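Please look over the sequence and the model first, and then follow the sections below.

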Amino acid sequence: MRVSVALFLLLAVQLSFWTPGLSYEQLLTLSGYLAINFMSITMVLATRPGWLESPLAGLDKMYQLHKWTGILAVIFALAHWLIEMADDALEALFGNDRSLKEANFSGLLDSLQDGAEDLGEPGLYLLVFLVVITLIRWVPFGYWRYLHRVMPLIYLALVAHAVLLAPLQWWQQPTGWLMALLMVAGVTASLQSLTGKIGSSRRYKGLVQAVKQTSANITEVVCDMGRQWPGHRAGQFALVTFDRIEGAHPFSLSCADNASGQLSFQIKALGDYTRKIPQQLRSGQAVTLEGPYGRFNLDGGRKNAQQIWVAGGIGITPFLAALENRLINTEQAHPAVTLYYCSAGAASDPMVMRLLKLTEQLPDISLHIHDSLQGQRLTANQLQIHAHRVDIWFCGPEGLAKALRSGLKQRSMSLRFHQEIFEFR
């Protein structure tokens, strides 16, 4: 919902600076204006600005917005190209607006303008290609991240195209001022990306302390970050780099912050990279963490609302951190919680024993384990809801989240469903 509202506001603000009209030039320049503006916003969001985490409710929502501003940028860029291809037909249909013609330069600027015009079409092709391979996910992450690094260069080429081909009068009007402001921000973001500075102020180096395969597909990794780690809140995650070639991956912190700098992650084998971790990772190996990120604040529920936590599989990790945090900070008051854990084989699940050990020390936590191998699939009707105001904190498979949301729609209550979405491409 926040992402949809943000997209609507971004579009509305841009259009509020636009002078309405209907002509071939109006259609051409409007599509180009929206394309470069959304590209600029996409570049800024890629830098993970900390000041946007709170209004967007976390880095996961920021990346969702980044994805959709990129898609809109491509849509408007394609519209811009198609309008230019159909110039004769559109001029005959809507007429001309001479005031929106591109500036006529001479000498060096004329040569630069010709070059910028030539950059537009190949830049569009590359932009479409990169967005398509990002959406279809056919390219493995390790290769995709290198291809994605070309994006700032494409953006800089399209900025040159926009600056030199925009109507000269724009630079004396709010339309041009907004576009210029966004392009300056976008160029700054591109330079940050090209120089590897994104997230550098939140990056910390440490050592892998222990690697333990706790089950067939889960590996526990303990990292010693020393006293430099700024601390984290239960429910947050970090971008973890074990291998510079592979790059950073988001993993939830499965431990509470105890000011020791020792952090643990429960990593499930979900792809080629995570499947190799037990064999390739060794104690003493260097690790880089960027973060902490996330607004999955399990202590941020509404006052007097029933608190329900639902975890599916490896989605239990933020809740483990929250349970540990309650044991460490016994002086703090915490609301009672009903915790549902969905396991695919509770008998051999190492998380079950850890949960039982933690919750037996926390009488305000009511634990319910659902084993899918025993046919115990959790449904909305099985949630023990007894209040009109309910806060549900969910971390797990998207299919389970959709099923619960659908079932809860039938209930008459004030519901807030908190969920992080780890889809960063």
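In which sense, parallel or antiparallel, do strand β1 and strand β2 pair, and over how many bridges? Strand β1 (residues 203-215) and strand β2 (residues 218-224) pair in the antiparallel sense, over seven bridges.

## Basis of the model

The model is predicted, with local features needing pLDDT of at least 70 and side-chain atom pairs counting only at pLDDT 80 or more, while totals for chains, interfaces and linings use all residues. Residues are numbered from 1 along each chain as its sequence is written, and side-chain values use heavy atoms, with hydrogens and water left out.

## The sheet

Six strands form an open sheet in the order β4-β3-β6-β1-β2-β5, with antiparallel pairing; two strands pair if DSSP finds at least two bridges between them, and strands themselves are DSSP runs (E) of at least two residues, just as helices are runs (H or I) of at least four, numbered from the N terminus. The edge strands, each pairing on one side only, are β4 (249-252) and β5 (262-268). From one strand to the next the twist averages 40°.

Within the pairing of β1 and β2, the bridge partner of Q213 is T219 in β2.

## Helices α8 and α9

Helix α8 (residues 151-165) packs against helix α9 (residues 174-194) at an angle of about 155°, and their axes are 9 Å apart; axes are lines fitted to C-alpha atoms, for helices over the stretch in contact, and angles run from 0 to 180 degrees between N-to-C directions. That angle makes α8 roughly antiparallel to α9, a term for angles over 145 degrees.

Where the two helices meet, with contact meaning heavy atoms within 4.5 Å, the residues of α8 include L153, L156 and V159, and those of α9 include L182, M183 and V187. The residues of the contact of α8 with α9 divide into 11 nonpolar, three polar and no charged.

## Helices α1 and α2

Helix α1 (residues 2-16) and helix α2 (residues 24-46) pack at an angle of about 135°, with axes 11 Å apart. The contact is made by L10, L11, Q14 and L15 of α1 together with L30, Y33, L34, N37, F38 and I41 of α2.

## A salt bridge across the sequence

The structure holds seven salt bridges, each being a side-chain nitrogen of Lys or Arg within 4 Å of a carboxyl oxygen of Asp or Glu. R202 lies in the loop between α9 and β1 and E53 in helix α3 (residues 53-56), so the pair ties together parts that are 149 residues apart in sequence.

Conventions:
Angles under 35 degrees count as roughly parallel, over 145 as roughly antiparallel, 65 to 115 as roughly perpendicular and the rest as oblique. Ala, Val, Leu, Ile, Met, Phe, Trp, Tyr, Cys and Pro count as nonpolar, Asp, Glu, Lys and Arg as charged, and the others, Gly among them, as polar.
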